[in-house]
Amino acid sequence: MRHIELSYTLTSPTPGRSTHPALLRNPMMDVLHALRSSGSISGAARELGLSYRHVWGQLKDWEAELGQALIFWERGQAARLTPFGERLLMAERLAQARLGPQMESLRAELERAFAMAFDDGKHASASDVITLYASHDHALTELQQHAGLATEGRNASPPLHLDIRFCGSVDAIRALNEGRCELAGFHTQPFAASGSLSARAYRPLLRPGLHKIIGFARRSQGLMVAPGNPLRLHDIADVARLQARFVNRAIGTGTRLLIDELLAQAGLLPMDIVGYHHVESSHAAVAQAVASGSADVGLGTEYAARAQGLDFMPLTEERYLLVCLKSALEQPAMQRLLQRLRSRAWQDRLNALPGYATDHCGEVAAMKRLLPWWD
């Protein structure tokens, strides 16, 4: 069993930066990724801004430490990873994908703590923080980064810290109702029938007069498949007919509700899907399972599919919504969040993400306005 140590670095905020290269960095994995993509030690060194000698020395040290070769290399030929090196990369990618929501929450907590330190504790207060329980979504991570930047000009405001705890959609609304957060995020098909699984799951948790819905985004959900879509999967009926190996999401997530609705619409049962009980914790983990070959197909967001280099077969557009108690709307932090959501800078950033589009972004609405199945 190898020993694992975690570390982090402090960097200056960069306006416009949309993603972090990795949630948790490891020098060996960085070198192996670069070697795999460049096909040479010199190319990996250039990609990482290191010297050839440094990268070569690191590889030899790691091979000695691990007791196994990491690369095949002969002078004049392309370098390639050994099967062991490939397995290391695959294991690291899967761990990153599975732990992504928890690591994003940990990073947010660290950023909040250090923001208070850099502020000398003079300006940071409860009014600078919103606790958000939400279904895992990349756009929320982008919003977290965007809200954490101070704005300038006539409407200047200090950073707003979103303390995000990722969980299933149903669990997020329950957390709001139990007072564990100020805001919850969930997703649903905008044109689902009033008797749909989504409507039946969410309706008992939401009360007119007590809750207010806040528009956020539309996102595309569909089948994530290997490049080229070798099995020619275009809908859930194809997945069942061809007995494609499926990877699912956990009970209580909005995506699990969606797959069950798609099965019902196609006249299928869970037992018709090979791998229905094979569960991963996030869209990224589902995409990684498909990319690694441990599954043929999964249901998830277009963003997650594109990030892993997978093909994507769109099935539906979802409405991703935020919900808070009506009494929380006038809180200073909530008002600042609404201002950020309505800004052109944020909406341009959201629209630039693959598979996303603004949808009543920052609009506070009654249930019937954004949940057509509500009655």
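Residues are numbered from 1 along each chain as its sequence is written, and side-chain values use heavy atoms, without hydrogens and water. In this predicted model, local features need pLDDT of at least 70 and side-chain atom pairs count only at pLDDT 80 or more, whereas totals for chains, interfaces and linings use all residues.

**Exercise 1.** State how many helices and strands the protein chain has, and what share of its residues is buried.

Solution. Step 1: count the DSSP runs, where a helix (H or I) has at least four residues and a strand (E) at least two, numbered from the N terminus. The protein chain has 14 helices and 12 strands. Of 375 residues, 48% are buried.

**Exercise 2.** Decide whether helix 5 is largely enclosed by the rest of the structure, and find the residue that caps its N-terminal end.

Solution. Step 1: helix 5 spans residues 138-147. Step 2: its buried residues include H138, E142 and A147. Step 3: 10 of the 10 residues are buried, so helix 5 is largely enclosed by the rest of the structure. Step 4: at the N-terminal end the cap is D137, with a side-chain oxygen 2.9 Å from the backbone nitrogen of A139.

**Exercise 3.** Describe the surroundings of Y202.

Solution. Step 1: Y202 belongs to helix 7, residues 197-202. Step 2: the relative accessible area of Y202 is 0%, so this residue is buried. Step 3: list contacts, meaning heavy atoms within 4.5 Å. Beyond neighbours within four places in sequence, Y202 touches several residues, among them S169, F186, L257 and W373. Step 4: the Y202 side chain also reaches the backbone oxygen of H187 at 2.9 Å. Step 5: compare sequence with space: Y202 and W374 are 172 residues apart in sequence, but their C-alpha atoms are 9.5 Å apart.

**Exercise 4.** Work out how helix 1 and helix 2 are oriented to each other.

Solution. Step 1: helix 1 covers residues 27-38 and helix 2 covers residues 41-48. Step 2: their axes (lines fitted to C-alpha atoms over the stretch in contact, with angles from 0 to 180 degrees between N-to-C directions) come within 8 Å and cross at roughly 120 degrees. Step 3: angles under 35 degrees count as roughly parallel, over 145 as roughly antiparallel, 65 to 115 as roughly perpendicular and the rest as oblique. Helix 1 and helix 2 are therefore oblique to each other. Step 4: residues that meet include D30 and L35 in helix 1, and I41 and L48 in helix 2.

Definitions and conventions:
Buried means under 20% relative accessible area, exposed over 50%, partly exposed in between (1.4 Å probe, protein chains only). A polar contact is a pair of N or O atoms within 3.5 Å; within protein, one must be able to donate a hydrogen and the other to accept it, and residues adjacent in sequence count only if both atoms are side-chain atoms.
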